[in-house]
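I opened my notebook to look up a few places in a protein model. Come along and check each one with me.

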Amino acid sequence: MIDFITTNTGVLFKYTPEAADRSWVWNELQTHSTVKISRIFNFDVNDLTNPPSINQDFDSYIYEFQFGSFNDDYIVIPGCVLNILNDLYISKDINLRRGIFAAERNISIFGRLSHLLNHSNPIFIGGGAAEAIPSDVFSELLRKFPNSNEVDKYADARVHLILEQYVDGMKDARGHYEAYLNKVAPKRVSNLDLSVINELEIEKYTLIRDTIENSLKTKGHWSEKEWQNLMVQFLLLLFPKYILVVENITIHDYYSTPGKKKDRFIDIGLVDSSGNLDIIEVKKPFDDKILRRTKYRGNSIPTSELSGGIMQAEKYLFHLSKWGTKGEENLTKKYASKLPSGMSIHISYPKAIIIVGRDQIGDGNMTPNQKLDFEIIKRKYTNMMDIITYDDLLRRLNRTISALKN
């Protein structure tokens, strides 16, 4: 049995062996000068504060080891007691018990923690130290430390994964482990409070929506460049797969005039987290710039502005792809100061996004047939570009805000 006793100077570790021969602790100290108790705690002979007498009756004897000393509001436990490199400072407010130091199967909790550290600085638990692990966080760690059942299921799953191709008739150990994780997962995340983050997300998307909506009503006189400047601010929020916006990309055209190189300029490019480059075209939000008012054999067809924008994006993608590794090197060098350390730009089947026009035709919204025709046009190019109207953007933002509020 283990007890932690507070004295005027520190904490004593009192140990009553449960074995029939209680003298084994003293025999270990005499033979090796050290002893491991309860598979976690390590003491040397000098830590024993009440050495037994020559004729000691061990049936009634209780070992008392110096366990920790006081330092302001902390109990300081030398790292050697727990067989770790870090001294442990634990708040006096925490009641000491074996379960604080040992998990199931006698796994040393602070041994695992120390193994994850790349320094030998003290570990602080609770109290007011700036570097301390808060008491409630430490309590959560103790609750979530793997238990025997979880360790067994994980071990079974690992064996199953390795041998399932060679041994018939195996139980679905991996399935049982995944089912167990699915069962305990809600409990593990139940303490997370994401309401503040949720509110900030709602405010973020509301700001973007209101800004675009107000600009559509009042900034009809803006140039295309002014609309680009507005939208550039929001692109990484509207399309979160991207991490970087690059502007004024110079690419080389070797095909328009055979034998001559011509520079072309892409206004905006988007780089994703893997370094892949896509492009985006931001056009003015004119009405009646998506589908012609007149039909061709009963079908709505794209306006020259939409067809021209699509063709322009296709040509940019063509020249980018033809540029190859040379282009990747040039672009990486040009935008090196903006790229995260170690990242390079890749031209790997680049795609385009075109933000263009409104859903309105002839001062009214599209009819169902016009919406269908427009959807067919968009899907025709879906393998290389995404065609989005400003009204599409507003609908996406409204639905995102609504979903976050529910």
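**Ground rules.** I am reading a predicted model, where local features need pLDDT of at least 70, side-chain atom pairs count only at pLDDT 80 or more, and totals for chains, interfaces and linings use all residues. Residues are numbered from 1 along each chain as its sequence is written, and side-chain values use heavy atoms, with hydrogens and water left out.

**Entry 1: two helices.** I looked up helix H7 (residues 195-218) and helix H12 (residues 390-405), whose axes come within 9 Å and cross at roughly 155°. That crossing makes H7 roughly antiparallel to H12 (the word is used for angles over 145 degrees). Axes here are lines fitted to C-alpha atoms over the stretch in contact, and angles run from 0 to 180 degrees between N-to-C directions. Helices are DSSP runs of H or I with at least four residues, strands are E runs of at least two, and both are numbered from the N terminus.

I then listed who makes the contact (heavy atoms within 4.5 Å). On H7 I found, among them, Ile202, Tyr205 and Arg209, and on H12 the list includes Leu394, Leu397 and Ile401.

**Entry 2: Asp392.** I stayed in helix H12, where Asp392 is found. Is Asp392 buried or exposed? Its relative accessibility is 11%, so Asp392 counts as buried (buried means under 20% relative accessible area, exposed over 50%, with a 1.4 Å probe and protein chains only). Its side chain makes a polar contact with the side chain of Arg395, at 2.5 Å (a pair of N or O atoms within 3.5 Å, one able to donate a hydrogen and the other to accept it). Leaving aside neighbours within four places in sequence, I found Asp392 in contact with Asp359, Phe374, Lys378 and Ile387.

**Entry 3: Leu88.** I moved to strand E7 (residues 88-91), where Leu88 lies. Leu88 has a relative accessible area of 0%, so it is buried. Most residues other than glycine have a negative phi. I noted that phi of Arg39 is near 65°, a positive value. Arg39 lies in the loop between strand E3 (34-37) and strand E4 (41-44), and at 62% relative accessibility it counts as exposed. Arg297 also has a positive phi, of about 55°. I placed Arg297 in the loop between strand E11 (277-282) and helix H10 (304-334), and it counts as exposed at 73% relative accessibility.

Notes. Angles under 35 degrees count as roughly parallel, over 145 as roughly antiparallel, 65 to 115 as roughly perpendicular and the rest as oblique.
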